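Here's a quick briefing on how the side chains pack in this one. Have a look at the model first, then go through the notes by topic.

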Amino acid sequence: MLILIIFTVINLITFTVYYFDKNAAINNRQRIPESTLLALGFLGGWPAALLSQQIFRHKTRKIKFQCLFWLTVLANVLFIYWLIETNFIKV
């Protein structure tokens with residue numbers, strides 16, 4: 001149950017951060033570093049990142065960012081798989 005709560009919180013944070021970054025881009029304000037966006041995805045927020053990229057049309061054309069994003073998704077999924085296989089997380 002704790003894992004589900006953490007997963008939900010990180011995804012809500014990720015969605016909000018993408019919203020603020022898109023808003024900053026539109027209004028020519030200081031942006032959130034791409035490394036922060038990618039780190040949030042790696043920490044489990046990638047579903048919200050993917051959703052917000054589509055909803056806000058944000059970071060969808062930046063090929064380098066998209067490549068790095070999908071690498072963080074892969075890394076996160078492999079890490080979760082490893083946690084399950086080592087019985088750290090019981091499913």
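Counting rings of Phe, Tyr and Trp (its six-membered ring) as paired if their centres lie within 6.5 Å, you get six aromatic pairs. Keep in mind that this is a predicted model, where local features need pLDDT of at least 70, side-chain atom pairs count only at pLDDT 80 or more, and totals for chains, interfaces and linings use all residues. Residues are numbered from 1 along each chain as its sequence is written, and side-chain values use heavy atoms, with hydrogens and water left out.

**Aromatic pairs**

- Planes under 30 degrees apart count as stacked, over 60 as edge-to-face and the rest as tilted.
- Phe15 and Phe56 make a tilted pair, at 5.2 Å centre to centre with 50 degrees between the planes.
- Phe15 sits in helix α1 (residues 2-26) and Phe56 in helix α2 (residues 34-56), so this pair ties together parts that are 41 residues apart in sequence. Helices here are DSSP runs (H or I, at least four residues), numbered from the N terminus.
- On burial (buried is under 20% relative accessible area, exposed over 50%, partly exposed in between, with a 1.4 Å probe and protein chains only), Phe56 is buried at 17%, while Phe15 is partly exposed at 27%.
- Phe79 and Trp82 are stacked, with 6.1 Å between centres and 25 degrees between planes. Both lie in helix α3, three residues apart, or about one turn of the helix.
- Phe79 is partly exposed at 41%, and so is Trp82 at 49%.
- Ring pairs also link Phe15, Tyr19, Phe20 and Phe56 into a cluster.

**Nonpolar core**

- A nonpolar core is a set of buried Ala, Val, Leu, Ile, Met, Phe, Trp, Tyr and Cys residues joined through side-chain atoms within 4.5 Å. The largest one has ten residues, among them Ile10, Tyr18, Leu38, Phe65 and Phe69.
- α1, α2 and α3 each supply at least two residues of this core, with the largest share, four residues, coming from α2.
- Leaving out residues up to four places away in sequence, Tyr18 touches (heavy atoms within 4.5 Å) several residues, including Leu37, Ala49, Phe56, Phe65 and Phe69.

**Thr72**

- Thr72 is in helix α3 (residues 63-85) and is buried, with a relative accessible area of 14%.
- A polar atom of the Thr72 side chain lies 2.5 Å from the backbone oxygen of Phe69.
- Beyond its neighbours within four places in sequence, Thr72 is in contact with Leu38 and Phe42.

Methods:
Polar contact = N/O pair within 3.5 Å; in protein donor to acceptor, adjacent residues only side chain to side chain.
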